[in-house]
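Student: I would like to learn how to read a protein model feature by feature. Please start wherever you like.

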Amino acid sequence: MPPAMHCTLFKTLTVCQFILTDQIIMVENMQPKYIQTVDELDTIVGLTKKERNDMEKVCETFPFRVNDYYLSLVDWKNDRDPLKKIVIPDPRELKGGGSLDPSSEKDYTKLPGVQHKYSQTGLLLLSDVCGGICRFCFRKRLFVTKERETVKEVCPGLEYIRTHREITNVLLTGGDPFSLETSRLEPILKELREIKHVNIIRIGSKMPAYNPYRFLNDPALMDILSRYSTPEQRIYVMAHYNHPREMTQPSMEAVAQLQQSGVVVVNQTPLLNEVNSDPGTFTDLFRKLSFAGISPYYVFQCRPSLGNRFFQIPVERSYDIIQQAWQRCSGLAKRARFVMSHATGKIEVVGKTQTHVFMRYHQAAEPAAIGKTMVYRSNPTARWFDDYLHQPTPIRGFLSMKMPAMQWLF
Ligand code: SF4
């Protein structure tokens, strides 16, 4: 085990007018303050010398960003607090392994900040800023490399979407699109709405968890969302709650405002060691999501991003955790699919026996592969799809060089 990071209690509770009780109660019209250095964090929570040193070393490679609203949700008396694991740099990030582009997004990048992997879905990477930096971010290259990958000038991306009539869904992502000013988002939504074949606009965002005040304090944002989320053509917010404790009262109010604006809110989360890998935690998360009218959409196997290994749980154990969590969930709470966002497509783990694992292409870069079912020998240490491909005795040989071995097709 790595050295634990013992943050002591908040040195000051007045930094953002927090009122702390067992559960946080928020002050209206709060503007969370962003914190990007270990010094600033120390001022708020008080770090030991060792914690400071450890964090500073990590921050030389992987940047740090959080805000004081989210920090206030952390239980600083608990070294193993799951919310702390989400945002506080951990020395294990430096242990290596993984890649900065674990899903080979560069292969599907058509223009800077424009990805097109699945026929119906185009991605626009609008921002390289988030409400916080998740330590397990699958796109941490946006924060780590100097190369700019997000769209500065959105017109070429919109033109790409306009000329690809097969695109019915556009995912605005990044980073977090809600880190942009409303005045910058509005013309993008307006232009997308003028493209007749784009029916669904998705906005990938952890802002409801990181900073619900982004929504609560901005009636203009709600206005534009309600204007462009119509009964026939909805806007979806793909929220990113990893843990039920992120679903605070202000966060739920923000979601309610989005829903009242006609936005459909769904949730996607990776399964993360030390964050939500306990079946009881996952049960609570799924149940709370369903109670709030947030459809659980995807549970991701944690991608092998650089520095992520300690967050990853072997695929088959992840599957078991989800099944256990679902035993105490209603049907509405277990609508998510458990998938790996692999370079070749979204691969759903659909079942397992003592000897084999069953997977299916839920989405695929090669449309012919969608729906194909694969059977692999069990590999309890596999953390990613590739670990099954490297088994010495596949059940059948490789069908093509481009797609990985699909050993058994039903
Ligand atoms: S919100 Fe998403 S893009 Fe931003 S740091 Fe977290 S995982 Fe990465």
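Tutor: Let us start with Ser104, found in the loop between α4 (82-87) and β3. Helices (H or I, at least four residues) and strands (E, at least two) are DSSP runs, numbered from the N terminus. Residue numbers run from 1 along each chain, as its sequence is written. Keep in mind that this is a predicted model: local features need pLDDT of at least 70, side-chain atom pairs count only at pLDDT 80 or more, and totals for chains, interfaces and linings use all residues.

Student: What is the phi of Ser104?

Tutor: Ser104 has a positive phi of about 50 degrees, although this residue is not a glycine.

Student: Which peptide bond is cis?

Tutor: The one from Gly174 to Gly175, with omega near 15 degrees. Gly175 sits in the loop between β6 (169-173) and α7.

Student: How should I read a pair of packed helices?

Tutor: Two packed helices are described by the angle between their axes and the distance between the axes. Axes are lines fitted to C-alpha atoms, for helices over the stretch in contact, and angles run from 0 to 180 degrees between N-to-C directions. Here α7 (residues 182-193) and α10 (residues 219-228) pack at about 5 degrees, with axes 10 Å apart. The two helices are therefore roughly parallel (under 35 degrees; over 145 is roughly antiparallel, 65 to 115 roughly perpendicular and the rest oblique).

Student: Which residues of α7 and α10 meet?

Tutor: Thr182, Leu185, Glu186, Leu189 and Arg193 of α7 meet Ala220, Leu221, Ile224 and Tyr228 of α10 (contact means C-beta atoms, placed from the backbone, within 7 Å). This contact comprises six nonpolar, one polar and two charged residues.

Student: And how do I read a sheet?

Tutor: Strands of a sheet pair through backbone hydrogen bonds, either parallel or antiparallel. Pairing requires that DSSP finds at least two bridges between the strands. In this model twelve strands form an open sheet of mixed pairing, ordered β3-β4-β5-β6-β7-β8-β9-β10-β11-β12-β13-β14. β3 (109-111) and β14 (373-377) are at the edges with a single partner strand each, so one side of each has no neighbour in the sheet.

Student: In which sense do β11 and β12 pair?

Tutor: Antiparallel: β11 (residues 337-342) joins β12 (residues 345-352) over four bridges, and His342 is opposite Gly345 in β12. In contrast, β8 (residues 235-239) and β9 (residues 264-271) run parallel, joined by four bridges. The chain crosses from β8 through α11 (residues 249-260) to β9 in a right-handed β-α-β crossover (with the strands pointing away from the viewer, the path from the first strand over the helix to the second runs clockwise).

Definitions and conventions:
Contact = placed C-beta atoms within 7 Å. Nonpolar A, V, L, I, M, F, W, Y, C, P; charged D, E, K, R; others polar.
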